[in-house]
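Visitor: I would like a close look at one part of this protein. Please take me through the disulfides, one by one.

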Amino acid sequence: MEQATRRGTRRSRAVLAVVTAAALGVAGCDAVGGDSPAPSGTEARQGRPSPKPTPVWDTGPDSVAAVGDSITRGFDACSVLTDCPEVSWATGGSEQVDSLAVRLLGRAGAAERSWNHAVTGARMADLPGQMAQAVRRGPELVAVMAGANDACRDTTSAMTPVADFRADFREAMRTLREALPKAQVYVASVPDLKRLWSQGRTNPLGKQVWKLGVCPTMLGDADALDAAATQRRETVRKRVEDYNEVLEEVCAEDRRCRFDGGAVYEYRFGTEQLSQWDWFHPSVDGQAKLAEIAYRTVTATKW
């Protein structure tokens, strides 16, 4: 009788152990599934794919503002000594140009969400003020082309010092960043003014327009080839190269800025790309080439 009792007790304990184990097994399943909370900490991170980081550069910005000088205003592209923003490489709506804004936003989008704050005759010192106007629109991309007028002065000694050029560009970038920390910036290099002189100097009409005061440091005494004239033009060219170095260096300090790598400076403008009135500013075709360079830079997946 006592032995039977001990056997019954052992069986009861065995059954209890099986039931307990089953219960614990069910509880264990509920801990990682069903309606119970998901695991946290390291276990959760290992069980979920990591989210993809947001790219620093968006190749498809939704709005564009432009700042700069006469080139961005389409000066002399449509008629003599007159702005023609319709053909601007940055924001114009012309089908002959397909501006940067049109290529990014479509023609209707460009008409609604692009703004041209460039001013003919502007120098780098004017860029902070233009940038202050541009940020009020909240653009996702700001296109910059400035510096030619800093070299195009009455004399080489009047050209903007490189240090001042740098300080003004940095101020413009600060103005943008304080208002729009995530806005992107495309910076075009200053064109090779000496090449523009070499292309236009064979045109009689162009040289007459030059006498009205178009870039005297480079275009003054257009036919002069003596040592003094040659040195003057080389001085201007060197200053433009210095400006381009500044644009590249300051842009590189900002992770959301892209410099064109000197593409505009290196582009070999021919007579087809120059205004038929002054043979110095870009023609409609020249504006289209600038738009192409800008679009290629902005939409590059790697830079």
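**The disulfides, one by one**

Guide: Start with the pair Cys 152 and Cys 215, which form a disulfide with an S to S distance of 2.0 Å. Keep in mind that this is a predicted model. The link of Cys 152 and Cys 215 is left-handed, with -80 degrees about the S-S bond. Cys 152 sits in the loop between helix 5 (148-151) and helix 6 (162-179). Cys 215 sits in the loop between helix 8 (204-210) and helix 9 (216-219). The pair therefore ties together parts that are 63 residues apart in sequence. Both Cys 152 and Cys 215 are buried.

A disulfide is a covalent bond between the sulfur atoms of two cysteines.

How many disulfides does a search of the whole structure find? The search finds three. Another of them joins Cys 78 to Cys 84, again with S to S at 2.0 Å. The angle about the S-S bond is -70 degrees, and the link of Cys 78 and Cys 84 is left-handed. Cys 78 has 33% relative accessibility, so Cys 78 counts as partly exposed. Cys 84 has 12%, so Cys 84 counts as buried. The cut-off behind that call is simple: buried means under 20% relative accessible area.

Next comes the disulfide of Cys 251 and Cys 257, with sulfur atoms 2.0 Å apart. The link of Cys 251 and Cys 257 is left-handed too, at -115 degrees about the S-S bond. Are these cysteines buried or exposed? Cys 251 counts as buried because its relative accessibility is 2%. Cys 257 counts as buried because its relative accessibility is 10%.

Now the pairing order. Number the bonded cysteines of the protein in sequence order, and the pairing reads 1-2, 3-4, 5-6.

Ser 275 lies in the loop between helix 11 (263-266) and helix 12 (284-299). Ser 275 is buried, with a relative accessible area of 1%. What does the side chain of Ser 275 reach? The side chain of Ser 275 comes to 3.3 Å from the backbone nitrogen of Asp 278. Set aside the neighbours within four places in sequence, and Ser 275 is in contact with Asp 76, His 281, Pro 282 and Ser 283.

Technical notes
Residues are numbered from 1 along each chain as its sequence is written. This is a predicted model: local features need pLDDT of at least 70, side-chain atom pairs count only at pLDDT 80 or more; totals for chains, interfaces and linings use all residues. Side-chain values use heavy atoms; hydrogens and water are left out. A disulfide is a pair of cysteine sulfur atoms within 2.5 Å. Buried means under 20% relative accessible area, exposed over 50%, partly exposed in between (1.4 Å probe, protein chains only). Helices (H or I, at least four residues) and strands (E, at least two) are DSSP runs, numbered from the N terminus. A polar contact is a pair of N or O atoms within 3.5 Å; within protein, one must be able to donate a hydrogen and the other to accept it, and residues adjacent in sequence count only if both atoms are side-chain atoms. Contact means heavy atoms within 4.5 Å.
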